[in-house]
Amino acid sequence: MKKSILLIGLLAATTFTGCEKFLDKTDPTATSFVEFFNTEEDLRRVVYSSYTDVFTSVGARGILFYLEDGKSDNAYSRIEGDHHQRIANGNFNANTPAFLYYYELQMKHMGRLNTFIANAHIPYVEDEAVRTKFKSILEALRIWHYFKLTSRWANVPFFLEPATIESAIQPPTPKEEILDQLFPLAEEVANRLPADEYITDAYMFNRYSFKALVMRYALYNGRYELAAKLAKEIMDSGKYQLHPTYGDLFNYKADKTNKEFIMKFDMVSHNNSATNSFRDLAPQFRTGNGQSYVVPTKSLVDSYWTLQGRTIDNCPLHTKQEYELNPKLNRDPRLASSIFGHGDMFSGERIDIYNPSSLMYFENQRSSKSGYWFKKFVDETDAFRSGGNMHFPLLRYAEVLLTYAEAKIMMNDIDDLAKDCINQLRRRAKLDMTLADVNLTSKTQQQWVELIRNERRTELAGEGLRYDDILRWRIAENVLNEPAMGHTRIVDGRKESLKIEDRSFLPHNYLWPFHENSLRVEPGLVQNPGY
């Protein structure tokens, strides 16, 4: 009799690389929690492995947050096995390996977490506050897993305790029922966590970093009042602030010194192993580094508004074609801080994507098919090293401001604070606030919606949030049914853009399919419509 993947998950702690050190205990024959799970350090190791295997692994390109835009209209992922490319171009079905990979990853860890949480009373830790902290972090991680699962598959098996064979074959729980339990539980867990970031292990959830995550998923699930409330609590805490220089957040100038990163992907979160963002994102370089695994599209470049806060097709200063041919012309400075390409300087060399003798020639295997690259998380220092030591944001204070503004816009309750949140971001980005100040013109609710969606896209480009946004806004049918395009130039007197690939998105693709293997081992699962 085949066991449910949930039951397999209860024994899955030994199958993940990140857990090997955790299980490397003095007594190799230990078979019970009492024998290998009995000190504060054991609790810390459990929490560490629960982060690194799913959320902070530096080598798993399928889950690295800065590659997630490859699933969306923001970017193109060149390696099919990274699981982003086929999701973006629509060439998938219920047998596509990506869906087994992501579902098993979440479910195996859910089984581990349920088991650890159920036995969190076993370790001999005299300080009750320490026991409460670590157990609460594990509960927060479990909630994060369920937020991700319901975002992708909607109705899923729901357990807050270790599963049995009998319980694991029950039908999945409807998404809204799960969320109705998760959101109150999440607030309860958050209030049990310490209010301040930890001196060590800063990547672990504290009260406000977890509230920020709950805020994100409240927004994703249309619970706007809760999203706005949590965003306001985080703002009022005074613990975070926008870093003065936007571009410095994404390189070694400020990655470790800013007060904007709320959820952190720091070196300690993956045992100080070398980070790979230069290798993953940068152009092929003369040192051999740089793989261009995920690169920006023309769609993303064109989405950056002008310095005055206008769309490029509604600006009296230049034509849309002029903006397309010269992406740095009169544009929101966040574009130059986030993306580079043809004609830009990179480590002392001018990029020429049309020169066949250049490593950056657009047809080279390891080059960019779009002619653009992400500048975020690419520091030229790493071109000459085997790896980096970058700190990354899984959630920034900027997202808190955007969330408050969007939630209030969606409730049609646009107050002065909501407007100020947008202005804070534009002011930090160095837009021309004599024209870009959102207070200067009245807007319909739909105009506010269009503004905040684009503000979010450009502020957070390359940070892994766009795919969730186009799904929740129900615009994927529009933006992923167009070819992915790249750099634009004039050829023989005509405008011509590089074509990367055709894409397709069907109405049922808003939910992912359960893989056929998952359906075989979990008889209670019900395939999502259309698959």
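Leu138 touches Val46, Val47, Ser50, Leu113, Phe116 and Ile117, leaving aside residues up to four places away in sequence; contact here means heavy atoms within 4.5 Å. This is a predicted model, in which local features need pLDDT of at least 70 and side-chain atom pairs count only at pLDDT 80 or more, while totals for chains, interfaces and linings use all residues. Residues are numbered from 1 along each chain as its sequence is written, and side-chain values use heavy atoms, with hydrogens and water left out.

Staying with Leu138: is this residue buried or exposed? Leu138 is buried, with a relative accessible area of 0%. Buried means under 20% relative accessible area, exposed means over 50%, and partly exposed is in between, using a 1.4 Å probe and protein chains only. Leu138 is found in helix α7. Helices (H or I, at least four residues) and strands (E, at least two) are DSSP runs, numbered from the N terminus. From Leu138 to Ala186 there are 48 residues in sequence and 12 Å in space, C-alpha to C-alpha.

Next, the core. A nonpolar core is a set of buried Ala, Val, Leu, Ile, Met, Phe, Trp, Tyr and Cys residues joined through side-chain atoms within 4.5 Å. The largest one has 153 residues, and those touching the most other members are Tyr51, Ile137, Trp144, Phe205, Phe210, Phe346 and Val400. Helix α7, residues 128-153, gives the most to this core, with 12 residues. Tyr51 has contacts that include Ile137, Leu141, Trp144 and Phe205.

On to the domains. The protein chain is divided into domain 1 (36-192 + 511-521) and domain 2 (244-265 + 317-377 + 392-505), with bounds from an automatic or database domain assignment. Their centres, taken over C-alpha atoms, are separated by 29 Å. The contact takes 26 residues from domain 1 and 29 residues from domain 2.

Now a helix pair. The axes of α10 (residues 207-220) and α16 (residues 397-410) come within 10 Å and cross at roughly 35 degrees. Axes are lines fitted to C-alpha atoms, for helices over the stretch in contact, and angles run from 0 to 180 degrees between N-to-C directions. Which residues meet in α10 and α16? Met215, Arg216 and Leu219 in α10 meet Glu399, Val400, Thr403, Glu406 and Ala407 in α16.

Last, the record. An unreviewed UniProt entry carries the annotation "domain: RagB/SusD" for residues 259-531; positions are given in the numbering used here, feature names are shortened, and annotations may be inferred rather than shown by experiment. In the model, residues 259-531 are 31% helix and 14% strand, and the end C-alpha atoms lie 45 Å apart.
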